Structures are given as C-alpha cells and as structure tokens.
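This report goes through a few local features of the structure shown below.

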Amino acid sequence: MSSLGTETAFEVLAKAKALEAEGKDVVHLHIGAPDFETPPHIVEAGREALADGWHKYTPAKGIPEVREAVCEDIARGRGATVHPDRVLIAPGGKPTLFYAILMFGEPGAEIIYPNPGFPIYESMIRFTGAEAVPMRLAEEKAYSFSADEVLAQITPRTSLIIINTPANPTGGVVPREEMDRLVAGLEQHPDVAILCDEIYSRLLYDGEEHVSILQYESVADRAICLDGWSKTYAMTGWRLGWGVWPEGLVDQAERMQINCASCANAATQVAGAAALRGPQDAVDEMCAAFDERRKIIVEELNAVPGFTCLMPKGAFYAFANVKGTGCSSKELEERFLYEAGVACLSGTSFGRFGEGYMRFSYANSVENIREGVRRVRACLES
Ligand code: PLP
C-alpha cells in the first residue's frame, strides 16, 4: 500500500478548507473542475430518470443507448467509427485508467507515462509493481513530446504507453505530426498497448484540433481511449466517464468493472446520454469563458517577477515557470497558501519534472483570478 500515491489537489483543498474554517479568505486556483453548474437540461434528464424508475443495476458495460450515444459523439467529434460493444461506461474517467494500468502493470513490466502529468498514472503504475518510465513533457516542446524520444524509451518490457492530450497540468496539446510519428513507430512494437486520456478533448483554444487515438486504425487492436462528461459538461460530481476498448480487451475491462463498481449510476447514465445528444451551446459558452480567462491569467502570471508562462492550448490550467523566484515549487505552494491565501499546486505534484513550475487553474472567475495572482505577486515582492 505504501507505493500508492495520491492527488495533492485533494490535500491542498483540505488545507484551504481548514484555513477558511478559521475565518481566512482563500482564492482557489488549484481546482480541477469547471466552476460552472451542469447545464439545466442535463440536470432535468437526471431528475426525470430518477422519477422514471432508473433505480437498479444496468448492464456492467452501461445502458446500450448510452453507449450508442457515445459512438455518435465519437463519430461527430473525432470522425471515427466505433461499435458500441467496445464502449464501457464507468463511474468517471478514472476507472478506465485504473483498469488499464491494472491490466498491463506487473513487476517486470515498464509503463511510459507523461511527466509532468496527472498524478494517478504514476501512482497506479507503481502500485502494480511495474516500473514507471517518465515521458518528459518539456516547456521547450510546448509540453508535448518528441515521438522519436518516446519510441527510443521502449524496451522489450514495455507493456503500455500513456498519452494525455489536451494535458493536465500543462495545457499542452499533442500535434498531429507527432501523433502520426508515434503511431507509425508503434506499428513496429505490436506488443505495446496505448492508453490515450482525452478527458479534455472538448476544451481546446485558438482553433487547435483534437487528435484522437481512435483516428488510427493501425493500432485499434491495442488502443484504449478515455473521455467522459466531467470536464466537458461540468459533471465532475456525477461520476460518469467512458472508455473505448480494443475488441480483445473489452470483456476483461467489463470483468474489472463487475469486480469493482458493477456499473455506473443508472440515472447519471441517462443524463449523460441527454448531454451528448442535446444542445451543445453550454459547452461552447464554457469554453469561450475559459478562453477569456486563459488569456487574462497568462498575462497576469507573466507580470509576476520570476515567473514566465506559456499560453496553454487546451484544458483549464496555466503551468507557470517559476524558476526565476529562486524558490522550490513546494515552498511556493506552502507560502502562497499560508502567507497569501492562494491555493495552487506545486509542479512536483505532477511528477519530478514539474520542479520549477506551478499549476494555476483558471476554472474560476476573472475577478478571483486577478485577485489570486495579485496576492501571489505581493507575496513574492514582500
Ligand atoms: N484524466 C485527467 C488527465 C484528469 O485531469 C482527470 C481529472 O482531473 C481525470 C482523468 C479524471 O476524470 P474523472 O473526474 O472523470 O474521473
């Protein structure tokens, strides 16, 4: 159990709440959830589902119509054709990565994962006893990777490669040429599976295109794609996500789910279908609001002495280079929280290559973003 990690975001939240309970004012720039409400027509669909008697277990893979709605959405958004039999609806995006890493991780295996990256990847890899091999996402590469460097990390023991685009915590996006090169290279490594975490697929800016692993037929027999409702429809608390599994793995994934959750919440699944099939204006509006805040936070962060910040291309995080302050990321996380009343996350919460960086979430109002960065600046100047 001691090899299991965690998400520091939950720890920082607990510390911030404790400060607030003492009457202190805290600006929350650590949050990994949209600050918007779930659009009303989705809430209504969930309410109706409860009134209509969706109270029992559903098939473990999910309600068939919901899996069909996911396939329609994949066809619309990614231009890929997927059969509903390959879709597994789960309680959130996380179970898909949990099941995939448990499936491919074991002592002796190596799993390549993004670093800095979502902390659960490294945590779960280590938990299985596999070796966690970091795929370094460098600022100089706009937080994407070089396919050649990743391919050079593959050994006969590599069982899985994890990709995340758009990415947490950097807002980086994998360009099509790099994904093409990676997939072309992986064709020479037929025993290496791929998990592509696309949970932020709808949160892209400046006309950036979403490149999905589902668009690559040549690796369809070993590619797992993860997405869901949490970030797109502001539904983090509903717990609903989906995975597309290769034909040869979907039955095992279903068994994993039967052993763990049985199925996702029935009424939530019905609401999820309404989200996918209903109007998408709310998604566009949320994305436009994030876009505006993105530009503001990057401008503000770049005005902080010792900080530089690239413009993120997706998700809702700004990953600032704070090396010019001369302080460690962890030290800044503590100081900003306790001296300035700003909750944000040390880059090292996302792996060792996050040293020298801080993650600021812009899933907060423009007013709070400005106030949070003003406090950070004042704290450093003092
Ligand atoms: N993958 C990434 C990259 C994330 O950032 C998150 C949540 O922060 C998840 C997966 C988990 O999503 P969910 O809340 O749907 O389980």
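Leaving aside residues up to four places away in sequence, Gln280 touches Arg202, Tyr233 and Ala275, where contact means heavy atoms within 4.5 Å. With Tyr233 there is also a polar contact, side chain to side chain, at 2.9 Å. A polar contact is a pair of N or O atoms within 3.5 Å; within protein, one must be able to donate a hydrogen and the other to accept it, and residues adjacent in sequence count only if both atoms are side-chain atoms. Gln280 itself is placed in the loop between α9 (266–277) and α10 (281–302). Helices (H or I, at least four residues) and strands (E, at least two) are DSSP runs, numbered from the N terminus.

The model is predicted: local features need pLDDT of at least 70, side-chain atom pairs count only at pLDDT 80 or more, and totals for chains, interfaces and linings use all residues. Residues are numbered from 1 along each chain as its sequence is written, and side-chain values use heavy atoms, with hydrogens and water left out.

Which residues come nearest to the ligand? Of the 13 residues around the ligand, they are Gly93, Asp197, Tyr200, Ser230 and Lys231; a residue counts as near if one of its heavy atoms lies within 4 Å. The shell divides into four nonpolar, five polar and four charged residues. In this grouping Ala, Val, Leu, Ile, Met, Phe, Trp, Tyr, Cys and Pro are nonpolar, Asp, Glu, Lys and Arg are charged, and the others, Gly among them, are polar.

| Residue | Protein atom | Distance to a ligand oxygen atom |
|---|---|---|
| Lys94 | backbone N or O | 2.9 Å |
| Tyr200 | polar side-chain atom | 2.7 Å |
| Arg239 | polar side-chain atom | 2.8 Å |

Taken alone, the ligand exposes 390 Å², and the protein buries 93% of that (Shrake-Rupley method, 1.4 Å probe).

Some backbone details remain. The peptide bond from Thr165 to Pro166 is cis, with omega near -15 degrees. Pro166 is in the loop between β5 (158–164) and α7 (176–186). Pro169 is also found in the loop between β5 and α7, and the peptide bond from Asn168 to Pro169 is cis, with omega near 10 degrees. In the loop between β4 (131–136) and α6 (147–152) lies Ala142. Phi of Ala142 is near 55 degrees, a positive value in a residue other than glycine.
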